[in-house]
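The stops below are given in the order in which to select them.

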Amino acid sequence: MDDSIKQALIDRFRGYLDMVEDGEEPPDDPGETADLFSVLVEMAALRSEVRTESRLVKEALEQFRGVFDSLQASQATLQRELDRARTETRDQAQSALRPLLLDVIDLRDRLVAALTLSAAARPRWRDRLWRRDRSGVAAWQEGLRMTLRRLDQVLLDRRVVATQLAGLPFDPRLARAVATAAESSVAEGTVIKEIRAGFLWDDHVLRTAEVIVSKGDAGKGDRS
């Protein structure tokens with residue numbers, strides 16, 4: 001039935017109820033009685049239709065909820081797969097890059113050793129006698145320092161930093177003790193010196209340091 005007709009019937013039924021409530025006699029016109037019966041029938045049909053529509057809406061909501069739950073589960077599964085793929089890709093990249101970083105660190109060690117030796121070396125007696133110009137040596141040393149700074153920047157750009165363990169308690173996860181020394185001014189088990197620098201890569205050990213560890217004051221036991 002058209003909505004406008006339904007509304008007209010409802011309005012007529014409402015008018016009929018208002019007449020009854022006011023004590024007025026409803027018309028005896030059988031047509032009016034038939035119209036009232038039709039209104040009641042239509043209202044019953046309308047109520048049934050509403051119930052049916054409500055049930056259909058409820059079923060649709062349940063289906064939508066099931067689809068939504070499925071989408072959420074699928075999204076969670078997809079996110080886990082993406083995270084696993086990222087982890088695998090990062091691990092593969094790190095495995096490939098690790099040997100290269102260790103080679104750069106080894107080259108850095110050689111530069112540091114060359115600078116240390118050149119700074120400690122004394123001029124030969126003939127150079128001192130003839131007072132030869134040592135500007136070439138100074139330029140060579142500065143070139144080594146520039147290369148060393150460049151290597152340090154390359155490592156830093158890849159989140160590789162040197163450990164600074166001197167003065168800290170010995171940590172076997174970061175360093176390997178290659179010697180011990182008696183040092184009265186340093187607590188036992190403290191790193192006195194790094195013989196070979198260690199390096200961290202994203203807070204993970206890339207290369208362990210080699211250190212000298214204090215064994216305390218060796219003379220204490222003899223004086224007691």
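**Side-chain pairs, stop by stop**

Select D202 and R159: the two form a salt bridge, with their closest N and O atoms 2.6 Å apart. A salt bridge here is a side-chain nitrogen of Lys or Arg within 4 Å of a carboxyl oxygen of Asp or Glu. D202 sits in the loop between strand 4 (199-201) and strand 5 (204-207), and R159 in the loop between helix 4 (135-157) and strand 1 (160-162), so the pair ties together parts 43 residues apart in sequence. Helices (H or I, at least four residues) and strands (E, at least two) are DSSP runs, numbered from the N terminus. D202 is partly exposed at 27% relative accessible area. Buried means under 20% relative accessible area, exposed over 50%, and partly exposed in between (1.4 Å probe, protein chains only).

This is a predicted model: local features need pLDDT of at least 70, side-chain atom pairs count only at pLDDT 80 or more, and totals for chains, interfaces and linings use all residues. Residues are numbered from 1 along each chain as its sequence is written, and side-chain values use heavy atoms, leaving out hydrogens and water.

Next, select E210 and R196, a salt bridge at 4.0 Å, N to O. E210 belongs to strand 6 (residues 209-214) and R196 to strand 3 (residues 191-196), so this pair links parts 14 residues apart in sequence. E210 is buried at 17% relative accessibility.

Finally, move to helix 2 (residues 30-120) and select F64 and F68, which are 4 residues apart, about one helical turn. F64 is exposed at 57% relative accessibility, while F68 is partly exposed at 42%.
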